[in-house]
Amino acid sequence: METSPLAILSTALLVTLYFFFHHLRRRKAPKLPPGPPPLPIIGNLHQLANPPHRCLHSLAKSYGPIMFLRFGNKPTVVVSSPEVAELVLRTHDSILSSRPSLDAVRHLSYGNKGMALADNGAYWRGMRRICMLQLLSPAKVESFAPMRREELGRVFGRVRAAAAAREAVDVSAEVAQLIGDLACRMILGYSTRDKFNLKPVMLQALRLAQAFNLADYVPLLGALDLQGMTRRAKALNRALDKVLEDIMREHEEDTTGKYKGDFIDTLLADMGHPINSSSQDEPVHILGRTNIKAIALDMFAGSYESSAVAIEWAMSELIRHPHTMKRLQQELEAVIGLGRTVEESDLPKLEYLEMVVKESLRLYPPGPLLLPHESTEGVEIGGYYIPKGTRVLVNAWALGRDANAWTENAEEFLPERFENSSVDVKGRDFHLIPFGSGRRGCPGMNMGLVNVRLVLAQLVHCFDWELPEGTSPSELDMSEGIGLSMLREKHLILRPSYRLLV
Ligand code: HEM
């Protein structure tokens, strides 16, 4: 059979068109960000070492500021430059602001019923609005000033006694105790010294929430609970629930007004009201006991360690930099004198203190990888495709040390870099985001900053500090502990001497 030239021509045309469009489709096919090749089943889990922010930073040096990994079967993107962080947390914030649901944590947190772990939707928006307006507003933060003064006075008394006895002080433990007491009193109306001591259970819950759970990455193993984490999470939730119920009941039965204004009291007054307005895709949720307990846990988790971690690293750097410590003391002397202690109203006048706090949060963000975000749709970022359901980790620790943004002395502790600079920690400058940025940015930032500034100012104003004999400032061990929050590996132990005239 003879083939006509027309048939040959049209077949050739069809083949050419097929390859042309195929090539075009392939070119348009979304490309995942670069990353190390994954192994079957575990993906890149074998490449994850402690501390995770450092390990992901060194991987990013090979694969770039937007890097794709698989942790088990979970697609994960790690962001390590201010430019990409801005794309994630500002430009595409609405798509990248959900949270992954983590197995054990879900059992701890009443099925993600608080704010911090809820999916991005009407429920989370409603919970966040309640927290921002009723618990964490500037007026509410201000209303706890007398309580902060009282608790700080207690620590001050203990440290002064140690100074008189020429004894060393475990600064890490004192600061952790203080921040824990402040959180308990603000949320529950009790301090950790009182009868409902939530602290030990809460600390166990925090450690469990931060621990690595294989079930989150290889869901097939979830039902087996090989590490026993689901079992422990359920038991801890039962223990927390019992204490929280007792505390709520005591609030409800109280007629003396002693709990007025704490978070439980404020939320109980709102019980029965809608959390969100009705929308097409979500029913109206009503604020009930479970929601209140879940918010209380979020507030604990958010405030319990973060400010303490920030204070202990700032103190550590001040000890390593005696000139900076001197300059800060001189500012405190000039603004306050030696005849009284620091008041919260002094804080706005303490410009150098502000620089020290920024510099410390730059080098030691208490949540170095923020909290994990998750994409609710596929989205293109910086020329790469991020599929729906991808976890997104923003390495705030790496952004704070980015040599392009901070020049070659990025690793140095140098508060003076903020002199005449408008850069701040509030989420507009993507090379300095210790509180995150955008719709999931930290709602407790104002409270956290007051805690850090006030405690640091008080410690430095009231006392001179030195390392125990035989250690020079440059020898201070600055190792980070294991885990997701940037705790020091070793407690900071210092010898105080009192320097005020009162
Ligand atoms: C120095 C102190 C603090 C630091 C450095 C800090 C840092 C952060 C960071 C990095 C995030 C995650 C942002 C993201 O995922 O993009 C966050 C979220 C959060 N923080 Fe803070 N925080 C501090 C203090 C506090 C305090 C005092 C509270 C409450 C009393 C609090 C409550 C929360 C809550 C509830 C969230 C979750 C918000 C959401 O998912 O919508 N934080 N914080």
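Helix 10 (residues 229–253) packs against helix 12 at an angle of about 110°. Their axes lie 11 Å apart. Helix 10 is therefore roughly perpendicular to helix 12, a term covering angles of 65 to 115 degrees. Axes are lines fitted to C-alpha atoms over the stretch in contact, and angles run from 0 to 180 degrees between N-to-C directions. Helices are DSSP runs (H or I, at least four residues), numbered from the N terminus.

This is a predicted model; local features need pLDDT of at least 70, side-chain atom pairs count only at pLDDT 80 or more, and totals for chains, interfaces and linings use all residues. Residues are numbered from 1 along each chain as its sequence is written.

Helix 13 and helix 15 (residues 351–363) also form a packed pair. These two helices are therefore roughly perpendicular to each other.

| Pair | Angle | Axis distance |
|---|---|---|
| Helix 10 and helix 12 | about 110° | 11 Å |
| Helix 13 and helix 15 | about 105° | 9 Å |

In helix 10, Leu240, Asp241, Leu244 and Met248 meet Arg289, Lys293, Ala296 and Leu297 of helix 12. Contact requires C-beta atoms, placed from the backbone, within 7 Å. This contact has five nonpolar, no polar and three charged residues. Ala, Val, Leu, Ile, Met, Phe, Trp, Tyr, Cys and Pro count as nonpolar, Asp, Glu, Lys and Arg as charged, and the others as polar.

Ala310, Trp313, Ala314 and Glu317 in helix 13 meet Val356, Val357, Ser360 and Leu361 in helix 15. Here the division is six nonpolar, one polar and one charged.

The ligand is surrounded by 25 residues, counted when the C-beta atom, placed from the backbone, lies within 6 Å. Helix 12 gives the largest share of this shell, four residues.

How values were computed. Angles under 35 degrees count as roughly parallel, over 145 as roughly antiparallel, 65 to 115 as roughly perpendicular and the rest as oblique. Two residues are in contact if their C-beta atoms, placed from the backbone, lie within 7 Å.
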